[in-house]
Structure formats: structure tokens, C-alpha cells
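Trainee: Could we go through this one together, a bit at a time? I'd like to see how each answer is reached.

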Amino acid sequence: MRLAEHQYKTISSIRSQLLMVEQVTAVRLGEVVRVIGPDGQSQEGEVLLIDGHTVLIQIFGECRGLDLKESTVIFTDAIKQAPLSPHMLNRVFNGSFLPIDGLPTPLPEKWVPVAGVPINPTSRARPEEFIETGFSAIDGLSTLVKGQKLPIFSCAGLPAKEIAAAILKNCTLTGADQGQKQAVVFVALGLSHYEYSFYIKTLTAIETNFVAFINLSSDPVVERLLAPRFGLTVAEYLAFEKDMDVLVVITDMTNYCDALREISTSREELPGRRGYPGYMYSDLASLFERAGRIKDQAGSVTMLPIVTMPEDDITHPIPDLTGYITEGQIVLSRDLHRQGIFPPIDVLPSLSRLMQQGIGKGRTRDDHRQIANRLYKYYAKGRDLRGLEAIVGRDGMSGSDRNILDFSETFEKEFVNQGASRRSISATLDAGLAILKRYGLEDT
Amino acid sequence: MKGQIIGISGPTVTVNIPDLKLYDRVRLGLERLQGEVVHLSSGQARVQVYEDTRGLALGEPAEGMGRPLSAQLGPGLLTGIFDGLQRPLSRMAAAHGPFIRPGKLLSPLALDKSWQFTPDRAVGDTVVVGEVIGTIAEGSYFHPIHAALAGTLTMIASGPVVLKDPIALLTDGIKLFAHEEWPIRQPRPYREKLAPTVPLITGHRIIDFLFPLAKGGTAILPGGFGTGKTILEQSIAKFADVDVVVYAGCGERGNEMAEMLEEFSELADPWSGNRLMDRTILVANTSNMPVAAREASIYTAVTMAEYYRDMGCHVLLLADSISRWAEALREISSAMEEMPGEEGYPTYLASRLAGFFARAGVVETMSGKIGSLSIILSVSPPGGDFTEPATQACLRTSGAFLMLDTALAHRRHYPAINWFQSFSLYDADMVGYFEKEVSPAWNHNRQKCQALLQRDEQLREVAAIVGAEGLQDSDHLLLEVAERIRQDFLCQNSYSDDAFSTPELTAEKIHNIITWGEAAEKRLADGEDLAVILDKGKP
Ligand SMILES: Nc1ncnc2c1ncn2[C@@H]1O[C@H](COP(=O)(O)OP(=O)(O)O)[C@@H](O)[C@H]1O
Ligand SMILES: [Mg+2]
């Protein structure tokens, strides 16, 4: 610890949001700095690189107005921390953790570094408690459990935000009888004002407590990297110190990754696939791995990030690296959306890796696995057969093949498609079973 | 050897400690973070830091430890879970709580734990280097203790011992311990390397039957996300017919390691009946743990594996995933501003990987025993693109290639190993073993099975164009036989009782399908109706 802040007027270069400062004698990696321009305007930044007495600084806000001669850099001797308190609930902050709801900053109970520290794998408790989202395609076939990280892979123009809103509204992390508290942490990254108002309306309408971090498309890009870290630090605090079940919704991770690329490029780092930095996997993992449960603790952090697949391409680095880290994915389909199916979830590429633990007797229902397996199997077969149908026509196909084709269509129209209604898990399973029965597929 | 931090760039730190050697271990800053020298130039050294460097300050002290990064080897590794630096994660959680904070150090082995030692030698005996002086019961495994030095015994323990005390004394007061240290980047020596001749049974029909692995061999499992790499690695770790399994979760999920620890503590080894964890060592350097430690983790793992190999064990090392290791290497290389090769990977990626694979093999150990070390690595190609550098580098050196196919996984055909693209170079050498030990029809059925699958593919291509109605009855029969092979033989659900298949069961199962197919073919040729055959003749 140094005793006082120390300051320098030795900026030697300014390029986009990077400052080079010379003759610095004591500095730490990641240290927060304040830069005061000649007009008295203050910006926050962070130490990126130390090379002898030369220090490279990333500015979080705008560099406009800074100069080499008059501007002062103040080193604070602290790394980026989040001010935490229970009074953050039902508040809206920007990507720098400043309130934007017109209310005063809550008095912090403690300060915690935003980067987080890894959970010891031996301390992790198995995520296995079923969360009901109210959507059959998810609850029935790609079941979400408490402590899971399960992204929604969307495409531009698909109703991902309506799905997220419905989940925020409908999902029950804890049975009311258990007396366990539930909270939502909502992180908006690079949203348009239109999307932002949609979400704020949703959040204020739900009963659950929430904390929101909002970075709009017009806000500083670097804050896009900070906001999720604030959100997750808050989520960990609520979960592991206040025993709450926390659902973290982050939208849109594609904007996060683009911000990462933009900043990496400005630092002249070596670009990887499609210009995204080589460390994007580790960087995303440092966010997603913060989801989970801890042994002997009541709370949990469940993550539902939304990823818009550029060019609808699931092999694009953003969905690809996300899929490698998260515990499955819910994939939306443009095709189903065109047919008016809501939610337009394509169950074939969708997957919940933690489903096995979360379903069955004592969790959902005894027959869940069996119903899910059958629905999946015949729907997959039906989708294969559609290829054949396109070539030989329906008449050229055998009776049993035609039956499967009809089943698949019904499955999409009646099981996946549910409009604005919410289905309980038993309604979901009953619906699935009824469709199987209708086509004589319940026990083959 | 002391100095100061003079620069920090991501996971690398520059120090001005004099007289360092390459790969020397270094402690950094007030928290005494751990690192390793990776680059020396006059007056300064670059250190790869195994912990989060955030908060580290210019001018903070740095100290050279005078020896390279090493693993501690001795009784107590089995059943353990370590991070990439071999920190004992269970004891860390007990001591420091559920989060891993930098700088906290505990010795990898519990040096105070009491073990039962049974001496094989007595006071007055002369021992030579490497000679076994007794055994420690490490669970059900009798862990031989080798003399590190030669001399005449003046004391040898018996009964309960702790590792921190000498287990024996030689004249002149020379101490012998039951544990040792070994630099992780240096392969442990052996007398001679031998050719792999015995299959590594995995309990997976498609592997054992179509793409057999060898004890002492290597294999890779490349596949996009969700294709079943982790499940397959874990399930091979459960069922492989080996003495010791080292499983490294390298840059993957924390939950997967937690689950494995839990599951392996409950399940039994199908071969010995002992608890699975009793033969297992876990190395967990998950994706959110420091990348430099991720880079080191596979070396920590392979060093522990070699240690048991040297005691004459058959050891299997699995790592999930080597791509994350390669990415860690890339991150470190780029922080050092090295000249990048393809896709930013350092140009030494392929040679490093080859060097790692070379640590597999069947060996005659220094003490004259036969031990083997097999390596199976999962590969996570970006975008499922197998032409990328890490996959290609693996392909060049590994002995078997088990390609996981996204299309099969989407159909929930698990394990999603593509039977046309995969291969095993051990294939020809293993057939003899299976014919002799398991079934004389092994090879015959194998060729038959491959031919059926090949023909099946061709017919399905035809059917996709002309429709299934355009096929002959004999074609329909073949499709049916192939379907049974795919569904009942190649598929194995990890969550079912069918997850493990002995070679005998494997042989029987394929034999039944193939003989049924042959009989059906004959009945069809004899003029019987196809519908009747298919309906009534199911085995
Ligand atoms: N052999 C198998 N049996 C049953 N399910 C499997 C099998 N292999 C994979 N799966 C399913 O696929 C999912 C993804 O597998 P995983 O091994 O985690 O993929 P990867 O490591 O390649 O991303 C699992 O959660 C499981 O649902
Ligand atoms: Mg995996």
C-alpha cells in the first residue's frame, strides 16, 4: 500500500482511448487511475501494461479534450471494485455503477474487486434443482437448473427479448414454500433506447427484486466490458452473502464481444478469428464460470446470456466460444419464427447439459426423461424425413414416415408453440405425451 | 537471488533478478505469486506467472527459487484433486474457503498424514539407487518406496509414518524420504521404450471394436461443442482397464470437475471393484483459472502419470481439452511479443505438442518393470473446423483419431464418433490380441461390420434421391441390419447400464446382429417375405 495518491503530468501519447504515461515510479497492474483534462473534466481509466517506468492506460470514457501538457493522471493504488449493499435492489445503474434512476448512490456495505476469483471446483455443489421457465421447449427438452449457465442463441430480428422478458416474468427459481429469496440481475450491453425501455418496463412490472446495469449503444464501449462484471459481482454478493437465488440475464453478449474486439484492436493486439482477440475464450469464461452453486450455501447464480449469432451462423466465434463454455444452449430458428411459432426454439441443436440431474422423480416427474427422449427422437426423424419429402413428395413415402412427418408438424405447432401462455412442467409433459399418443408413438 | 518487478504485461512479468536459469521458479510481489522463467536476456528475465497478476505492482520484490517448477510425487496423489500447479484443491477449500485466492500455498501432498509403511529391507542392508525398500498402502494400492540414494541402512521405519520425516537413514546420516520432487517439463527416465502390443480396453464398443486403442498409445477426440468430448473422456476414465487414471480438466468447466469428483467417489472400478477415485488423480485448471497455470497443468498431470508408470503401472492420462492448453500457450507467447505463426499460435506449438505426446509409451522402467502411459486428448476446434492449427498439430502425432460428429450428436447418437472419418493406427496390431483372447470371429465380424456400414451409406445416398420405395428388398434388409448396428451396437448411452461393455459382450453383440443378418439374407434368397423376416426375426 502506498500512503497517498500520486499524480503525474507526463503523458507522452494519446491514441484513441489509450494513454502512455512516463516516469511513473509505483503502479500496479489493473490499478484505477483518474485523468483530469485541462478543462477540469475527470475520466476514469485502468493500468493495462507496465514497462519499466512507462505505463499504458486504458480510458473508460471519452479521451476528447485531453492533452499532453496540462492533463494530470492520478493513480489511486486500488484495482477496480464494486460498492455493494442490499440497497442496490430495485435500482438502475449505468456501466460505471452510477445510478441513472434519479436516486442517490446507495451507501456501500463493502467494496469488492469486480474481476472476481475462481470458485474452487471442489467447493461447487451440483446444479440439480429444476427451474420452471414456463416454456415447454425449454422445460421439457432442454431443462434449466439452478446454478446453470444457459445462453439463448438468437438471430437478428428474432424475438429473443420477448423470450427473456417472459422468463423474467414467469420463472420460479424457488418454490414459494421454501422461503428462499430470489433476485434478478439484469445487464444490458449496447442496447438501443427502444430495447432499454422495453426491458425497464418488464423489470418494474415483475414482482422479483432486481438490479439493473444499463449500457446503451450510445454509452462508452469500455463500460460494456465493465457492466457484466459489476452485475456478476452483485450477483455473487446476493447469492453467497445474502443467500438469494439470483438469475443473471445479460443481453446482448454479441455487443460485449464486439466491444472486446474494438478495444483489443485499439491496443494493437494480435487479432484471432474474425478479428476477435485470442483470449476471448478465457475472457468469456471469466464471466460465465461465475455461475454456480457452492456447497453448504443456500444461494445460487444462474445465468441466461443472450447471444445474437452474426449472419445466423452458429460457427461464428461468438456463439462458438460461448457454446464451448456454457452448459448448453437454447437455439432460436428463423424458420419457426416465420411460421409464427413462439417461442421459435429449434429443439434439435438446443441442449441442456445439466438436464440429466434436474429431471425425473422428485425433481420434475417420473416420466419426464422418457417423454423427452421420445419427442426428441421422433422430431429428429421427422426433420430428416422432410428432406426426403422435398425430393420424392409425400405420396412417395411410406405410411409410417408420413405419420412421423405429421407428428413433427404437430410438435412444432402445439408443443413448441405456446404464444403468450405459461405452461407448468406437468402441463408441458402432458402436452408432449398427448401428442405422442395421438400419433401412436408413446410406447415404441 | 532477489530482485524487483520491472514490468508487467498480462500473465507475464519482467524481473531484474540476477543469475536466473531458464524455467527457474520465481516468487513475485508481496503475495509471493508463483511463476517460471520463460525468457532470459541480459539483466532481465520474463516470467510466466501462474496466478492473476492484477494488483501486482512495479518495484515489488521478486525472488528466484533456484529450481524449476516441480511436482511433488509420493503416496497420497491417488484420490487427490490438484490445480495446474499441483495445489491440493480439497485441502485449499478446507483451509481458505470456497474461492481460490492468489498466493495461498499448501504442499501438494499432506506431509503430516499418517501412512502404513511395510519395510522390505532391514537395518544393515545395502541398497542401490532405485531399489524398493518397502511399500506404503495407498488405499488398495501398494505403493513401492524407492531409495533415492545408495548406501547402508542405519534406520528403517515400520508401521505408521508421515511423509515429512525420513523413512530410512543411511550411514553418515543421509535421509531417505517416501516422496520426491520432479521438474514437470522434464520427462522421467526409463531404460527402454517398447512397442505397444496390448489394447487399452475402453468399454466403448465402437472404440474397442472398430478403432482399438493401445496401452502406451495416444489418441485424440476432436469435436465441436456439445458433441460429447467430455462425457466420452470421463466415461473412458471410468471404464479403462488400467491401474491408474490421471484426468486433467484443462481450461474447461468447474462443474464438470466437481461432478467427476463426486461421481468417482461413489462409483466402483468395473475391473477391480474398488472405488473409482482410489485409482484416479484429478487435475483441475478450469477455464476461469489463470491461463499460465493452465499451460503448466498438462505437464503436472503427465509427471504424476509417469511417476506411477515407473512403478510398473498401466497409466492412462486424459486431458480435456488440449485446445485450451494451446490457447494458453498462444496467450503467453503473445504477451511476450513473440513472432506469431498460423492463427497467432507460436511456431513451436507443433513441436511442444509432439514432445508431450512423446511422453506416452510402453517402457521398461529404471527398476526393470514394464509400465505404460497412454494419452487421450480432446480437441475443441473453433467452429468445428478441423483444419485449424491445434487439431492439425495433434493429428500429425497421435495414434488414433476419433472424430466426434455434430450431425450424429444432434441426432443424439452417442458416442458421436464418425465411423468413416475416424481411424486407429494400432488397429492391425491389436486384432491378433482380440482374436486370441476374446473371440476368433473378431476380425471376420469386424470386416463384415465395416462393409455393412459402407454399403448402408451408399444406399442411403441412393434413397435420398430416389426414395426408399426405389430400393430392392435385399437393400431394405441391409438397411435394417445396419440400423441395428448403429442403434444397438455403436450407440452407448453414458447414463444407462449399457455405458460399459466388456470385449466379450462387444463380440457377442456384434456376432448376434451379423449372424441374424446373414440368416435373414438367406431366408430372403429362399423366397421368404421381407416383412415376415423383419417382423418375426428380431434377435
Ligand atoms: N455417451 C453419451 N450418452 C448420453 N449422452 C451423451 C453422451 N455423450 C454426450 N451426451 C450428451 O451431450 C451433452 C454434451 O456432451 P459433452 O461431453 O459435454 O460435450 P463437449 O465436451 O463435446 O462439449 C451431454 O451433456 C449429454 O447430454
Ligand atoms: Mg466438454
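Trainee: Is B:Trp271 buried, partly exposed or exposed?

Mentor: Quick ground rules: this is a predicted model, where local features need pLDDT of at least 70, side-chain atom pairs count only at pLDDT 80 or more, and totals for chains, interfaces and linings use all residues. Residues are numbered from 1 along each chain as its sequence is written, chains are lettered from A and ligands numbered from 1 in the order in which they are written, and side-chain values use heavy atoms, with hydrogens and water left out. Buried means under 20% relative accessible area, exposed over 50% and partly exposed in between, using a 1.4 Å probe and protein chains only. B:Trp271 has a relative accessible area of 41%, so call it partly exposed.

Trainee: How are the rings of B:Trp271 and B:Phe500 arranged?

Mentor: Rings of Phe, Tyr and Trp (its six-membered ring) pair if their centres lie within 6.5 Å; planes under 30 degrees apart are stacked, over 60 edge-to-face and the rest tilted. The search of the whole structure turns up 28 aromatic pairs over all chains. For B:Trp271 and B:Phe500, the centres are 5.7 Å apart and the planes sit at 85°, so the pair is edge-to-face.

Trainee: How many residues apart in sequence are the parts that this pair ties together?

Mentor: Helices (H or I, at least four residues) and strands (E, at least two) are DSSP runs, numbered from the N terminus. B:Trp271 is in the loop between α4 and β23 of chain B, while B:Phe500 is in the loop between α12 and α13 of chain B. The pair therefore ties together parts separated in sequence by 229 residues.

Trainee: Which chains surround ligand 1?

Mentor: A residue is near a molecule if one of its heavy atoms lies within 4 Å of it. Ligand 1 has 15 residues around it, and the closest include A:Arg353 and B:Gly226. The site is shared between chains, because the surrounding residues come from chains A and B.

Trainee: How far is a polar side-chain atom of B:Thr230 from an oxygen atom of ligand 1?

Mentor: A polar contact here is a pair of N or O atoms within 3.5 Å. B:Tyr414 puts a polar side-chain atom 3.2 Å from an oxygen atom of ligand 1. For B:Thr230, the distance from a polar side-chain atom to an oxygen atom of ligand 1 is 2.7 Å.

Definitions and conventions
A polar contact is a pair of N or O atoms within 3.5 Å; within protein, one must be able to donate a hydrogen and the other to accept it, and residues adjacent in sequence count only if both atoms are side-chain atoms.
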